[in-house]
Amino acid sequence: MAEDEIEIDLDDLERRMDGAMTALRHEFASLRTGRAAASMLDPVMVDAYGSPTPINQVGTVNVPESRMVTVNVWDKGLVGKVEKAIRESGLGINPQLNGTIIMLPIPELNEERRRELTKVAAQYAESARVAVRNVRRDGMDQVKKAKADGMGEDDQKFWNDAIQEVTDKHIAAVDKALEDKQAEIMQV
């Protein structure tokens, strides 16, 4: 193989690391901070028609006031399953049924619950860091394979440094997102 044909797809690695950041933002959106938000139900899946389905695909999610989320379930047969999914989701919300409408009053967060939520946020951030490091490892493996295919040591060092730089940038972004989310959770 000619030396100029060996190249690592840095854009692909960066895109995959960006995917880890997107997933982290999505998980952070599900952490409630004492205010009602329709996005807090995004990670909750309902066993509907034999497959896990997001709540927003079995009903309409609304926020009628700052401390209330409602879910208007379209299929009466799924009301119990939606209620059970919310109850078991770990959001700490007690659903109240009113026909096909499930009301979710959002209680004020106490200090203990805020601390628990910051720990959950830290776990989400660690998962994102692990995902970024896994992408880094894949990139480093590509460099090792390219070295075996005839890549020079200078090129190998260049690609290792470039991959590490992208990794460091994404890890810093994860840390900043975690810091911001923890500050938001602890704000009274």
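Author: Helices here are DSSP runs of H or I with at least four residues, numbered from the N terminus, and axes are lines fitted to C-alpha atoms over the stretch in contact, with angles from 0 to 180 degrees between N-to-C directions. The model is predicted, with local features needing pLDDT of at least 70, side-chain atom pairs pLDDT 80 or more, and totals for chains, interfaces and linings using all residues. Residues are numbered from 1 along each chain as its sequence is written, and side-chain values use heavy atoms, without hydrogens and water.

Let us look at helix H3, which covers residues 111–148. Helix H1 (residues 10–30) packs with H3 at an angle of about 170°, their axes being 9 Å apart. H1 and H3 are therefore roughly antiparallel to each other, a term for angles over 145 degrees. In their contact (heavy atoms within 4.5 Å), H1 contributes Leu13, Arg16, Met17, Ala20, Leu24, Glu27, Phe28 and Ser30, while the residues from H3 include Ala121, Tyr124, Ala128, Val132, Arg136 and Gln142. Divided by class, the residues of this contact are twelve nonpolar, three polar and four charged, where Ala, Val, Leu, Ile, Met, Phe, Trp, Tyr, Cys and Pro count as nonpolar, Asp, Glu, Lys and Arg as charged, and the others, Gly among them, as polar.

H3 also packs with helix H4 (residues 153–186), again at an angle of about 170°, with the two axes 10 Å apart. That angle makes H3 roughly antiparallel to H4. In the contact of H3 with H4, 15 residues are nonpolar, eight are polar and nine are charged.

How values were computed. Helices (H or I, at least four residues) and strands (E, at least two) are DSSP runs, numbered from the N terminus. Angles under 35 degrees count as roughly parallel, over 145 as roughly antiparallel, 65 to 115 as roughly perpendicular and the rest as oblique.
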